[in-house]
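Here is my notebook from an afternoon with one structure. Have a look at the model first, then follow along with my entries.

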Amino acid sequence: MSIFLGLLSLIVSILLPVLILFFTGFEALHFSIFFIIPIGALLIGYICGYGYYKGLFKSNVFITGRHYFIGFILSLICIFGIEYTSYMFTCINPQTMEIVYTLDGDHVSNYYSEDYGQLDFFTYKKYMIENTPISFSYKARSIGDISNPTVGWVFAIIDTLGIIIGCLLAGKSQKNHPYCHTCKLYKKEKEILNFSKGDGLAFFEELESYSSQDTNDLSINTLLSPFTLDESLEKEEHFLCTLIYCNSCKKASLKFELYEFNSKNKLEINTDFNYLIDVNYDEIKSFISSTAIA
Ligand SMILES: [Zn+2]
């Protein structure tokens, strides 16, 4: 499955920027924001790795360094694929001597540069990297073009790194799923409830006493029963509780995340807060079996 999905998304990641270039002339691969963040390359890289890592997740393979290495190779194939396919229909308009992307024009390989020689694939790429002016703009105002071989190579390297990092991030996002090493399965995850930040202190005190007791006088269900997944809470600061469980070995835990307003007044997960507690699978079963929670 991972091989099939991996090839599929590799092909998509190559064809997508190539088709955009062919039909609009826009180089998605070189699109960046804030001067140097290669957002286009990161996105293409993410698409490139997505299928492969999704396939590993679906086949319950625990993602390790070996898989990241394969992702690295995939991203190199992706870069070469995009560059080579684009090159295949790079033509020169004889009237204007400008580059056009078409299938029936005068191919660039028929041309010759004084400094570079015949423009085959590698010399053409070298020529383009070293001679394409890079435009800098700030708040939609152009602040100048720079055409300099060193700058050209720096940006080519940034784009390459963008694809590699994008691809590895696709792996990271799948690896974030909790894994049961005993059963060699990815665990299931289900958001079961939330409560406002203000209720947190009292809640976690009770939860602590639940986990520290030897006999189970206090049921986890009693503790959780006042809460549901309340949509109205999603706009204010709150805790979100996710049930993580393995149906095979009957182990379950609860993960709590804290959503707080950041300096821009946007809700975001407070990464300093993480709380994970093991709970009794049988006690928590009602949450697993209920398909929809109001
Ligand atoms: Zn298990």
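This is a predicted model: local features need pLDDT of at least 70, side-chain atom pairs count only at pLDDT 80 or more; totals for chains, interfaces and linings use all residues.

**Entry 1: what covers a helix.** I looked up what lies over the buried residues of α3, and the cover includes α1 (2–24), α2 (39–58) and α5 (149–175). The helices (H or I, at least four residues) and strands (E, at least two) are DSSP runs, numbered from the N terminus. Residues are numbered from 1 along each chain as its sequence is written.

Which residues of α3 are buried? I found H67, G71, L74, S75, C78, I79 and I82. Buried means that 20 or more other C-beta atoms lie within 10 Å of a residue's own; exposed means 12 or fewer, partly exposed is in between, and C-beta atoms are placed from the backbone. A reminder to myself: an α-helix has 3.6 residues a turn, so residues three or four places apart point the same way.

I also checked the length of α3 (residues 65–88): its 24 residues reach 35 Å from first C-alpha to last, close to the expected 34 Å. The expected span is 1.5 Å times one less than the number of residues.

**Entry 2: α1 against α3.** The axes of these two helices, α1 and α3, come within 9 Å and cross at roughly 35 degrees. Axes are lines fitted to C-alpha atoms, for helices over the stretch in contact, with angles from 0 to 180 degrees between N-to-C directions. On the α1 side I listed G6, L10, S13, I14, P17, V18 and L21, and on the α3 side L74, I77, C78, G81, I82, T85 and S86. Contact here means C-beta atoms, placed from the backbone, within 7 Å. Sorted by class, this contact of α1 with α3 has nine nonpolar, five polar and no charged residues. For the classes, Ala, Val, Leu, Ile, Met, Phe, Trp, Tyr, Cys and Pro count as nonpolar, Asp, Glu, Lys and Arg as charged, and the others, Gly among them, as polar.

**Entry 3: the core.** Which residues touch the most other members of the largest nonpolar core? Of its 27 residues, they are I44, C48, Y53, C78, I163 and C167. A nonpolar core is a set of buried Ala, Val, Leu, Ile, Met, Phe, Trp, Tyr and Cys residues joined through C-beta atoms within 7 Å. Helices α1, α2, α3 and α5 each supply at least two residues of this core, and α2 gives the most, with eleven. I then followed C78: leaving aside neighbours within four places in sequence, C78 is in contact with L10, S13, I14, I44, C48 and I163.

Entry 4: Most residues other than glycine have a negative phi. M97 is not a glycine, yet has a positive phi of about 60 degrees. I found M97 in the loop between β1 (90–93) and β2 (98–101), and M97 counts as exposed because it has 8 C-beta neighbours inside 10 Å. K250, also not a glycine, has a positive phi near 55 degrees. K250 sits in the loop between β11 (238–246) and β12 (251–261). Is K250 buried or exposed? K250 is exposed, because 11 other C-beta atoms lie within 10 Å.

Entry 5: Last, I counted the buried residues among the 13 of α6 and got one, so α6 is hardly covered.

Key. Two residues are in contact if their C-beta atoms, placed from the backbone, lie within 7 Å.
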